[in-house]
Amino acid sequence: MKSKVIGAVTLAVAAAGLFAAAAPAFAQQKTITVWWGKGFYRSEDDALLETIKKFEAKTGIKVELSQYAIQDMIPKTVAALDAGTVPDVAYSDSYDVQAQGKWAFEGKLEDLTDVMEPIKDRFVQNTLDASVLYNDVAKKKAYYGFPLKQQSMHVEIWNDMLEKAGFKLSDIPTDWAGYWTFWCDKVQPAIRKATSQRIYGVGQPMGVESTDAFQSFYTFMDAYHVKLVDDDGKLLVDDPKVRENLIGALKDYTDTYIKGCTPPSSTTWKDPDNNVAFHNKTIVMTHNFTISIAAKWFEDSQNQALTQEQRDAGKKAYEQDIITASFPKAPDGSTIKYRSDVKTGLIFTAAKNKAEAKQFISFLLQEENVRPYIEGALGRWFPVTKESQESAFWQADKHRKAVYAQFKGGTAPFDFTKNWKFTILNNENVWAKAMNRVVSEKVPVDKAVDELIARIKQVVG
């Protein structure tokens, strides 16, 4: 999707990112190009467009906005880098996981310290930390990105299906082993008997093309306290305890498949597929790195293009039938500390209008602009600013409250924020490849882990 919104006059940004009175009408107009990943919901995109209109009216800088599907953003950006035709501002949900650390390391990203430093007190510390990357050309760490939103792991459960199987939420064990046994050995046979349908207890993402697979596996690694790198990005995989705990995590993750507790197709699932299986009620529960599953039904309840019956079904599913929950306790009884994936945007050093691009970022990150954008995603993204996190939006219903509570409990960063070479491993999805070595190629778990460790060492060094 490509849209253009035209404003009137140019204006300089103050050091703190605020704007003075309108510039004279004769001031020379500027145009900046902005590439942005297409939103999950229309309300998300509408909020972005509204901010662009306000920015143009305030500054006179015209914004040429191009929005692309998430899977297209990195190929298009790489092509633009090769051709020397980069946009002035760029954002994609996939940049941080797959490319941004590498670009920072190679000196391709603009230092945004002058944007972030004056406003950093407004942001939660973990989101600032995720935006500080290492530039090997300049030999320094700096803000080579701006934090926009974040996400973490959640469990989604069909409560009505659980009840049909003869169980209540209070029946779900909180210990690690008991939890997974409950879904596989109790809920699955009971729901199949009650419905005469081939329903699975769990939706376990395992596809190599699925970011859900590696994000979910990280939660299993965290349950086993697997630490692959230290805070300086140095590998720790030669520690025998790391290998032992990786074996435990991979065994538990793949046992669900081996026991026939997740659909056979889950080995080839892409990111939307566990959502689809959940919506179709072919699985009772799944884990997902946002609450987009529940939010889909909320959107249905508000969608005037649907019939009243469909809207009512959406309302019932969102308010009554779907539960957003957390993982059980770790195997040692401790509480899992979830990973937070902080999504960051950027400016390339090759951008033609960097001063104006920084104005745009400063404007976008103002509270009155960034909050509608985040809340327009209906709970799929959690805010990066302190004030937005305390918005009434996050207390409006049980799903958003669950997200709020999980983030307030504290989160940990992904390894790629400490060592950018993990973005290569994520692109390859070595985690899902290890799963498939076990379940599809019948390789012993310990051998699959040894192969995984060897590949990590080969890439990260």
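Two strands are said to pair if DSSP finds at least two bridges between them, and strands themselves (E, at least two residues), like helices (H or I, at least four), are DSSP runs numbered from the N terminus. Please keep in mind that this is a predicted model, in which local features need pLDDT of at least 70, side-chain atom pairs count only at pLDDT 80 or more, and totals for chains, interfaces and linings use all residues. Residues are numbered from 1 along each chain as its sequence is written, and side-chain values use heavy atoms, with hydrogens and water left out.

Let me start with the sheet, which is open and is built from four strands in the order β9-β10-β8-β11, with mixed pairing. At its edges are β9 (200–203) and β11 (322–325), each of which pairs on one side only. Between β9 and β10 (residues 283–288) the pairing is parallel and runs over three bridges, and G203 has T286 in β10 as its bridge partner.

Across β8 (154–158) and β11 lies helix α17 (residues 398–408), which runs at about 5° to β11; here axes are lines fitted to C-alpha atoms, for helices over the stretch in contact (heavy atoms within 4.5 Å), and angles run from 0 to 180 degrees between N-to-C directions.

Now, which cysteines does the disulfide join? A disulfide, meaning a pair of cysteine sulfur atoms within 2.5 Å, joins C184 to C261, with an S to S distance of 2.3 Å. Because C184 lies in helix α8 (residues 176–195) and C261 in the loop between α10 (240–258) and α11 (273–279), the pair ties together parts that are 77 residues apart in sequence. Both cysteines, C184 and C261, are buried, that is, under 20% relative accessible area, where exposed is over 50% and partly exposed is in between (1.4 Å probe, protein chains only).
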